[in-house]
Amino acid sequence: MTPEIRTRTEQLREQLQSAGYAYYVLDNPVMEDAVYDRLYRELQDLESQYPELVTADSPTQRVGERPTAGFVSVKHNISLYSLENAFDMAEFAKWEAGWQRNMGSKESAEYVCELKIDGSAIALTYENGLLVRGATRGDGDTGEDITQNIKTIRSIPLKLKLENPPPVVEVRGEAFLPIAVFDRLNQERATAGEQLLANPRNAAAGTLRQLDPKMVAQRQLDFFAYTLQIPTTTPQTELHSHLESLELLERMGFKVNPHRELCADAANVGAYYDRWNTERLNLPYMTDGVVVKINSFALQQELGFTNKFPRWAVALKYPAEEAPTRVLDISVNVGRTGAITPLAHLEPVQLGGTTVQRATLHNGDLIEQLDIRIGDTVIVCKAGEIIPKVVRVLTDLRPPGTSAFKMPSNCPVCDSSVTKSASEAVLRCNNPSCAAILKGTLVHWVSRDALDINGMGEKLIEQLVDSKLVDSVADLYELTIEKLMTLDRMGEKSATKIVEGIASSKSRPWSRVLYGLGIRQIGRNGSNILTERFPSIELLLQATTADMEGIHDVGFETAQSVSNWLKQPVNLELIDRLKAAGLQFDRSLEANLSSVISSILADKTFVITGTLPTLKRDEAKDLIESHGGKVSDSISTKTHYLVAGEKAGSKLAKAEKLGVKVISEAELLELLTSG
């Protein structure tokens, strides 16, 4: 063993002890959970390899920290153990093999799978059916008496629904803050200029430790019971399995998570784990894994406990939506609108089931706000993001000698000066001839939702711009087979297909042409709305900002962006060239104008979310519009229907919150026939 290993072990112990004290005693976390888990696992590995390094005060040898002096300390009648973690099914298999070794058998067992609620564990004690004490978990043996706060949680019964309850009943469960309540609280705090709550889990823990029960009641905590222990059983409470105990908890009046499942073996556990990895995103509360318990109480009793964990239960965690990693470099990219976006290049890290090596930094203001530097350890998040973003910098782990990152004063592609308007935080290159802007504009123009030009990918566009064959979108319509064949690896057959694809794009409707122009703030839905109100380019050119802003779903920023774009001489020249090339700028000239079938959905606004059983989202959108309805991208009080498929996500929760009617694809089709 080298001195470096001994030093690293001592360093890890000290860091974890400080973090544990801040979390459990001061109620002021100083380290991200993912960072703590990573350091804890590293210490575990070192102590396993070098047992002589294990000390009595090592964080691996204790359950938790002592409770704060702010509440009365209470001794738990029955200890609250932690759960051993497994981070994938391979680690679950090792855990299963471990308890089988203890039993001297390779036979499997029935398991009960439950969602692991991301909240705060609490212990409830009932005497003769009445709630007499509610306590925090604390260190597992001693917690804090928070009975008055517990009584404000309406899903916790003050009296058990049993005619002849046992003298003592111990219940364990998770207090949590529903996502909708968390969002409302943060909106209120933002309005009041207060610091935002970090996440629902920390908010739940902090709420339970409020000294004023009225404040706790306002937070609207909820509760799921998951463990029942009865020292002296009666015939009506005699139990043989964990599943039976959950059913009895429900009869007693507790709220038990409905998504539990009895699994015959590890394969069924894996299926449950995989299914809820995606379905959990639609739940109104946070979950971070699955708790797996051996169902048989007799087998649980035989297996017993280690000094920290029950041998008969494990927490099967999901891949982190947030993870720590290190910044290797910071670069900047130029997009089609001229926006200069910084990008962090990261030490590869597993996040959400994929390997992440880049994260967007959005703009220079965010870099200054985060004070992010090359060499920093950062927390990256992938929730809802295609390219992950950096959400926090762990400055305590910053190496010496780093310096602040500065955004460029000139475009890194064309060296033109960059500007930033007073209304936004983004730096922009204003040179319309910048190769990066042109390439981005062309990629957008040929995309499927715009002009949908088959065969034109990013690599071909790179060649067209770099070889000076194309200097604007209009130049695409002057390309010939002969010109294309001058490019590398371009034969006559491929060139012919591309020219044919460009020619066919001339028949695309006015709405897709407007979208393809890439005007900032204009998405596909916005282009549909504008071209419906202004059926030709001439009418749109005559429209004022006020004319456009008065249309439903078109706000001031969108109207102003369109108006400013149409005033630029270079853009008016582009429109003239595209019109001369034969592009559609008038709905009355479109061959498919008669696509409106009926007005049965007139004045109804729809939002589509998730994966529908048979229809693609564009097909459902076209179907609604062909019957007079409108399709919006966002839920509001003006939305009449949310058409929801699988993996509906946050829009489903928002629709339920606003009282918007949620329908399936089948119900949509029924609407079209029945009205």
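**Glu-625 and Lys-621**

I started with the salt bridge between Glu-625 and Lys-621, where the closest N and O atoms sit 2.8 Å apart. I counted a salt bridge when a side-chain nitrogen of Lys or Arg lies within 4 Å of a carboxyl oxygen of Asp or Glu. This is a predicted model, so I noted that local features need pLDDT of at least 70 and side-chain atom pairs count only at pLDDT 80 or more, while totals for chains, interfaces and linings use all residues. Residues are numbered from 1 along each chain as its sequence is written, and side-chain values use heavy atoms, with hydrogens and water left out.

Why are Glu-625 and Lys-621 separated by about one helical turn? Because they are 4 residues apart in helix 22 (residues 617–626). An α-helix has 3.6 residues a turn, so residues three or four places apart point the same way. Helices here are DSSP runs of H or I with at least four residues, strands are E runs of at least two, and both are numbered from the N terminus.

Buried or exposed? I checked Lys-621. Lys-621 is buried, at a relative accessible area of 9%, and Glu-625 is partly exposed at 27%. My cut-offs: buried is under 20% relative accessible area, exposed is over 50%, and partly exposed is in between (1.4 Å probe, protein chains only).

I searched the whole structure and got 23 salt bridges. Side chains of opposite charge can pair when their charged atoms come close.

Lys-439 turned up with two partners. With Glu-462 the closest N and O atoms are 3.0 Å apart; that pair runs from helix 12 (residues 435–445) to helix 13 (residues 458–466), 23 residues apart. With Asp-466 the closest N and O atoms are 3.1 Å apart, and this pair also links helix 13 to helix 12, 27 residues apart. Lys-439 counts as buried at 17% relative accessibility, whereas Glu-462 is partly exposed at 36%.

**Helix 12**

I then looked at how covered helix 12 is. Of its 11 residues, 8 are buried, among them Lys-439, Leu-442 and Trp-445. What do the buried residues of helix 12 pack against? I found strand 12 (322–334), strand 18 (427–429), helix 13, helix 16 (510–516) and helix 21 (569–581). Contact here means heavy atoms within 4.5 Å.

**Domain 1 against domain 3**

The protein chain is split into six pieces: domain 1 (3–53), domain 2 (84–317), domain 3 (322–408), domain 4 (435–506), domain 5 (510–591) and domain 6 (605–672). The bounds come from an automatic or database domain assignment.

I picked domain 1 and domain 3, which bury about 520 Å² between them, 63% of it on carbon and sulfur atoms. That area is the accessible area (1.4 Å probe) the two parts lose on being put together, summed over both. How many salt bridges cross the interface of domain 1 and domain 3? The rule finds 0. On the domain 1 side, helix 2 (residues 33–49) gives the largest share, 3 residues.

**Whole chain**

I logged 24 helices and 22 strands for the protein chain. Its C-alpha trace spans about 90 × 70 × 55 Å along the principal axes. Of the 675 residues, 46% count as buried. Among contacts between residues at least 6 apart in sequence, 67% join residues at least 24 apart.
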